[in-house]
Amino acid sequence: MNIEKTFRETDGGSPVFRRLSLFKHHWIANLRLRNKLFIIFLIVSFIPCSVLIYYSYTSTRDTITEQTYASLSGTLNQINTNLENRLGYYEQLTNILYMDAQLRNFLSNDYEQAFYYLDAFQYINRTMSSMLISNANIQGITIYIDNKTLYSDKQYIKYTEELPETVKQQALNAAGSPVYIHIDDPQTGPSYVTLARSLSYFSLMHPYGILTINIDDKEIYSLIEKENVNKSVYIIDNTGRVISSGDAAMKGRQLFDVYPIQADLTLSGGKFDTRIDGQERFFTYKKLSNGWTTVITVPYDELLANTNKATKRIVWISITVIAVAALLIFVTAKVITKRIEVLLQQIRKVERGNFQVKRKPMGNDEIGQLSYAFQKMATRIQELIDEVYVKEIAVKDSELTTLQAQINPHFLYNTLSSISSLALKEGSNQVYQMVSHLSKYYRISLNKGKRVVLLEQEIQLVKNYVSIQEIRFRGMLHMHYDLDESLFNRTVIKLILQPFIENCINHAIWNEAGIHINVKLKAEGEDLLLKVIDDGQGMTRERLEEAFNKASNQSGYGIKNVDDRIKLAYGEQYGVEIFSRLGIGTNVTIRLPLNPNASELETRLNMG
């Protein structure tokens, strides 16, 4: 039943939404007990295992990360210390030459005749050769001078214009301090680190020469060679150019082209994490005194490889344990709920009216006690039925048989026919018409005990009823019919339309002008609609709710009775809807299926 539109604001919402809300909040209540136990166990076991795995992974990751930070910091400090010591050694060699007064004199003198510089070359060759012999990683020592009176031997002594401009400018800008330049020779192939230093008398702005020492790259690489396991070590200059690395392909390239971390290398040292090309990496770095920077990087995938393996093992072990435990709880729940299912079967038997419940031993726990109490209750109910109900039914059947005999349809039809003939004979035409219509009315309504009639018969029953009432109310009833006659061959349960016509006549007439009643019949989609529309006095909400709650009205067939019979016959989606406004009128809509299932309808009616 629905009280439509006018009162929708205060009904508390649509029944569909209420059902959805109940389903959402109480869906767990509809699950079987076995499934509830199983779900609860999975939740109780899965959450602690998940928390344990997460805690184990994060704590192990943090521990390994901290250890790696400490290990890489130690490695970085050791590499930088070795580099500083090795480069410091070569700086000491430059100091020897820088402070050599004899060498300075030989390089600064003006030589008028050739044989005067023989002593100079003899001293230079002896000094330079001894340094090369004692330092195998030095590829060459050269002093570049502007003194054209001293011949160049193309090995130890060369003129300044032969020195690459970049090396010359960096050496002069350093004003006597050592500078380091990485040289890649594209023609000869070998690469080396050049230590350059300007030589001067007393003014650093006017050097008498520029000393260069070429150090083999292998000397630098030997300091990081053993540290390239599971990590990448790079030594870069102040521009980001790779001086030495375990990755041969990176040598001479820009590190920042591969790892865009230039903005992170602003301090003298530090560590940071960053994601490059979808891979998270850890970096630690430290600058040297000569402007170089040592950078060590490790991918987190390699850093946490062992942790990930251990975590996977823990996950698989947890899954196995949960699976085994789930199987055990399922079997246990099945054993526990088996007795409940047996008890439920017995309850359903009683629900269907079979009170002969067999006693089955179920133990002495709560389920067993419940089963014992239910069996005793079923036995007692059966005894009460035998003692009271059956006797009462017998009495009612006897009374019903007597009543049916008294209102035998043939007797009723014959009696009404006799009255009609007598009225016609006596000249009482109105009595004749009323009795004739009444006879037709009861012929259709009784219908030999059948509960289903054609729509045409239901409409005819209404017309007969109205014809009787028109004699009574004399011109106050104004009937209008808007009927789709193609639907007359459809079947409906009987007496669903006449009660609403009766309500219009008995309760809606409020003045001498009478009432207009419009009866409509039409199809709407898969539904069949019967409408009764009047312009009577209408009803208040309270009066309408009262009418819906009453099982019967004065005629014996109330609104609730009709609505209940329709829902019983066709389903909950069908029934009566009423729209009413006080002082305006009432609109009744009866919704039925257009093509009802005949066998299902008969089954429902028999159950009703």
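Biologist: What is the chain over residues 314–336, helix or strand, and how far apart are the end C-alpha atoms?

Modeller: Over residues 314–336 the chain is 100% helix and 0% strand, with 32 Å between the end C-alpha atoms. Helices here are DSSP runs of H or I with at least four residues, strands are runs of E with at least two, and both are numbered from the N terminus. This is a predicted model, in which local features need pLDDT of at least 70 and side-chain atom pairs count only at pLDDT 80 or more, while totals for chains, interfaces and linings use all residues. Residues are numbered from 1 along each chain as its sequence is written, and side-chain values use heavy atoms, with hydrogens and water left out.

Biologist: Which residues does UniProt list for "transmembrane region"?

Modeller: The UniProt entry, which is unreviewed, lists residues 37–57 and 314–336 under that name. UniProt positions follow the numbering used here, feature names are shortened, and annotations may be inferred rather than shown by experiment. Residues 37–57 are also 100% helix and 0% strand in the model, and their end C-alpha atoms lie 30 Å apart.

Biologist: What pLDDT does the chain average?

Modeller: The average pLDDT, which is the predictor's confidence in each residue from 0 to 100, is 78 for the chain, and 78% of the residues score at least 70. Among the elements, strand β1 (residues 2–3) has the lowest mean, 48, whereas strand β16 (residues 527–534) has the highest, 94.

Biologist: Where does pLDDT stay under 50, and how many contacts beyond four places in sequence does the model have there?

Modeller: One such stretch is residues 398–408, with 1 contact beyond four places in sequence, where contact means heavy atoms within 4.5 Å. Another is residues 552–557, for which the model has 6 contacts of that kind. Where pLDDT is low, the predicted coordinates should not be read in detail.

Biologist: Back to β16 then. Is β16 mostly covered or uncovered?

Modeller: β16 is mostly covered, as 7 of its 8 residues are buried, with buried meaning under 20% relative accessible area, exposed over 50% and partly exposed in between, for a 1.4 Å probe and protein chains only.

Biologist: And which strands pair with β16?

Modeller: Strand β15 (residues 515–524) pairs with β16 in the antiparallel sense over 8 bridges, and strand β18 (residues 585–593) also pairs with β16 antiparallel over 8 bridges; two strands count as paired if DSSP finds at least two bridges between them. On the β15 side, Glu524 has Asp527 of β16 as its bridge partner, and in the hairpin, which has 2 residues between the strands, Gly525 takes a positive phi near 65°. On the β18 side, the bridge partner of Leu529 is Arg591.

Biologist: Changing topic: how many residues has the largest nonpolar core?

Modeller: The largest nonpolar core has 50 residues, and those with the most contacts inside it are Leu107, Ile141, Ile143, Leu150, Ile157 and Trp292. Helix α2 (residues 33–98) gives the largest share of this core, 10 residues. A second, separate core of 44 residues includes Phe488, Leu497, Ile501 and Val588. A core is a set of buried Ala, Val, Leu, Ile, Met, Phe, Trp, Tyr and Cys residues joined through side-chain atoms within 4.5 Å.

Biologist: What does Ile141 touch?

Modeller: Not counting residues up to four places away in sequence, Ile141 touches several residues, among them Leu97, Met128, Tyr156 and Leu211.

Biologist: Which residues of helix α5 are buried?

Modeller: In helix α5 (residues 165–174) the buried residues are Val167, Ala171 and Ala174. They cover an arc of only 65° around the axis, so they lie on the same side of α5; the arc is that of the directions from the helix axis to the C-beta atoms. On the other side, Thr166 and Asn173 are exposed. The buried residues of α5 pack against β4 (179–184), β5 (191–200) and β6 (207–216), and Ala175, which follows α5, has a positive phi near 55°.

Biologist: Last one: where is Asn230 found, and is Asn230 buried or exposed?

Modeller: Asn230 is found in the loop between α6 (217–221) and β7 (232–236), and Asn230 is exposed, with a relative accessible area of 59%. Leaving aside neighbours within four places in sequence, Asn230 is in contact with Val298 and Glu302.
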